[in-house]
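Here's a quick briefing to read alongside the model. Have a look at the sequence and the fold, then work through the notes below.

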Amino acid sequence: MSDFIIQRRRKARIHVVLQLLLLLWIVWVVNVWSFHQSIRIDWSQGSRMEVTASDRELLEALPRMVEVLVPLDIDPSASGRVRLRVLSQALRWLDELSQAAPGALRLPVSVDVNRDGDRWEVLRSQRGLEADAVNRIHLFCGERRLSLDVDDLALIRGTSPLEPEQLPVVEVDRVRESIEAALRQIVQDQLTEIRISQGSGELPLEGSRGVSLQAFCDDLEARGAHVTGVDLTLDGVIETDTDLLLVIGGGIGRFEPLGASVRRAIDRHLDNGGGVLVLLPSTGICGLEDTMAAAGISVLPGLVAEITALPGAVTRPSYAAVGTRLDPFHPVTASLARDRIMVRYMPSRALQVSEPATALLATGPGAWLEREPGNPRRQREETPGPQILAAAAEVGAGRLVVVGNWSTVLPGSWRLDARRFLLACCDWACGRDLLPAGAGREPVSNRIELDDRIRRSFFWTSSAVLPGCALLGGLLMAWARRKDS
Amino acid sequence: MSRVISLTRRDLLGLFVSPVAWVIIFVFLLVMGLTFHLSLLGVDGDLRQLVAATYGGLVFWFMMLVIPPLVAMRALAEERRLGSLEMLMTTGVSDAAVVIAKWLATWVFFLFLWICLLPLWALLSTVGQVDLGALFSAHLGVALVGAGFCSTGILASAVTSHPLASAALAIALNMGLFLIHWLRFLYQPGDLQLRWIDHFSAVHHLGDELTRGIFDLRIPVWWGTFTILMLFVTTKVLERRRW
């Protein structure tokens, strides 16, 4: 009898072990299935993280694996916090995309440069990144690299002389659009060839960042362009693979106007479908006036002047021109036109535009054309605003863009809306996507003003009213129990 | 099924008439209420970030890890210690029904605690726009992860007849589940192991996904299967006396 019981117990134990193993196997199989067949839904307000069908199509079309590195070195100021929030949102979006297509986009790697310096050095040397390539999203596809700055991901408005206490806020959120454009671009095999005119007194491409075009060139290269210099006065030929020729009419010394042979080469380049972007010198001519005139763009003598606000609610006339009016239909400015853009040039030439050219950027009505050199002063006979600061035209098969200011490419000025606008000009003139496309969206703000009344009411509700209700409930229950007993 | 419901009702009633339960409710509301208030100040009134800030801090995780074991510690341990479990079994109720009822009562009580916090959100919605999608998914996450943590509490309660030992064991088990997340620092992004760690990590599920309004089918699948597994093991532990 006892043998029978022992045998039954042994059988029961074996059954239990088998049942447990079977259940473990089922749990494993179900989890493996869900691991590979994930269904994700974004229930958040605005569905900012919803991977749409077009996102999936883009990811599926990526021919190679794209890797992402985000080195973070954010200062603790209010502006730094806003920038960190934008980068964090971009990281989350990349994370979502990676989850949707793990075979196409690897999970992004973020590294805190200050806390994890050794790791950053290793990653930096592996990827060949510069020491200051922080606070950017670096995408890698094979040998190719493309970097997105915070300014590409969002339009952030900070303090201004008129509003010194204004906290930085994200006005336009372009995270999804920028990343989509960057992914489209990085998998392309062909680089955009950009040549920058040299040899007429222009700034060198490389060298000390204060007196070179290095910051500008780095930014273009980070967008998938290959940037080299070309001495047109020596060569006289623009290579056929050039997508965009940049003529920057300023430098350390005096800018020498381009000669007739160079102008002919540029005309041929335009006829062959190339792009030309001319940044005008502050004074004098650049040598391409005839080419520009043929396209309907002429440069007026003098500089644009405007009443400028200074800290302490002081205003005074200056040669700082602020471009606020954009052509909402032109491809260069269509994506920028929805934003409240403020392109600050100091100084800027004024342009006159006729058919077939289009004015891209103009000042408000408060600006005027100051013909007299020296201190600007508003006089009745001077031409009132709006003054045109940039124009574009299609010349033959090519594209010509003229901007009234050259100093925007200097490292100190290469930022904010002036940078965005010029990158958009480069993008259109070379006929390729150099820049993140798309207009972006206005972020939904759910911020409430925490005044004293709200603070007090929430404090007392959370610390006294709700726990007090629980205490009352407990006391009532105790009273009821005592009454029953 | 009706037996499970009536057993659950009996256990819930037992929980709500116990002074310990009301002390737990009081402490929970006081601590989480103040956390809510501090989170609101911390995010400077930005309601988009408030859900993640409230349901992602250390205090929140302390509550998640500790409350279910404290509620569940007496569920089976006390019954065994008093000898009432054998009496219950003589009524023809199966072991599985007892385990499910105990777990269900613990879970409902745990959910009741979180529901008690909703008036704060309702009050907030009178002055601003609360992200209801994120709030709903955060509570869904609390319910799912809480279901898993309650099931470990019931298992621990079945293993030992001392309530405090049961609570300590359950907290240790929950802590193990919680600490899975930190294994991810051993791997690089893109590693398969990292994705599996995220699959099991409660911190990832709540902190990175549900409190931000992202629902992933993996989360209910993992916590659902984990809960079933724990309840099955608990049933077998109860059945142990037969073999």
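**Chain B overall**

In chain B, 79% of the contacts between residues at least 6 apart in sequence join residues at least 24 apart (a contact means C-beta atoms, placed from the backbone, within 7 Å). This is a predicted model, where local features need pLDDT of at least 70 and side-chain atom pairs count only at pLDDT 80 or more, while totals for chains, interfaces and linings use all residues. Residues are numbered from 1 along each chain as its sequence is written, and chains are lettered from A and ligands numbered from 1 in the order in which they are written.

- Chain B has 13 helices and 1 strand (DSSP runs numbered from the N terminus: H or I of at least four residues for helices, E of at least two for strands).
- From the N terminus, its elements go α-α-α-α-α-α-α-α-α-α-α-α-β-α.
- Its radius of gyration is 19 Å, close to the 18 Å from the globule rule for 243 residues, so chain B is as compact as a globular protein of that length (taken over C-alpha atoms; the rule is 2.2 Å times the number of residues to the power 0.38).
- The C-alpha trace of chain B spans about 55 × 45 × 30 Å along its principal axes.
- Of its 243 residues, 50% count as buried (20 or more other C-beta atoms within 10 Å of a residue's own; exposed is 12 or fewer, partly exposed is in between, with C-beta atoms placed from the backbone).

**Chain A: domains**

- Chain A splits into domain 1 (53-173) and domain 2 (191-429), with bounds from an automatic or database domain assignment.
- The centres of these two domains of chain A, over C-alpha atoms, are 29 Å apart.

**Chain A: helix α9**

- Buried residues in α9(A) are Val262(A), Ile266(A), His269(A) and Leu270(A).
- They sit on the same side of α9(A), because they cover an arc of only 100 degrees around the axis (using directions from the helix axis to the C-beta atoms).
- Turned away from that buried side are the exposed Ala260(A), Ser261(A), Arg264(A) and Asp271(A).
- After α9(A) comes Gly273(A), with a positive phi near 95 degrees.

**Chain A: strand β20**

- Strand β20 (residues 388-395) of chain A has 7 of its 8 residues buried, so the rest of the structure largely encloses it.
- β20(A) pairs antiparallel with strand β18 (residues 358-363) of chain A over 4 bridges (pairing takes at least two DSSP bridges).
- Ile388(A) in β20(A) is the bridge partner of Ala362(A).
- β20(A) also pairs antiparallel with strand β21 (residues 398-403) of chain A, over 6 bridges.
- β20(A) and β21(A) make a hairpin with 2 residues between them, and Gly396(A) in the turn has a positive phi of about 60 degrees.

Methods: Contact = placed C-beta atoms within 7 Å.
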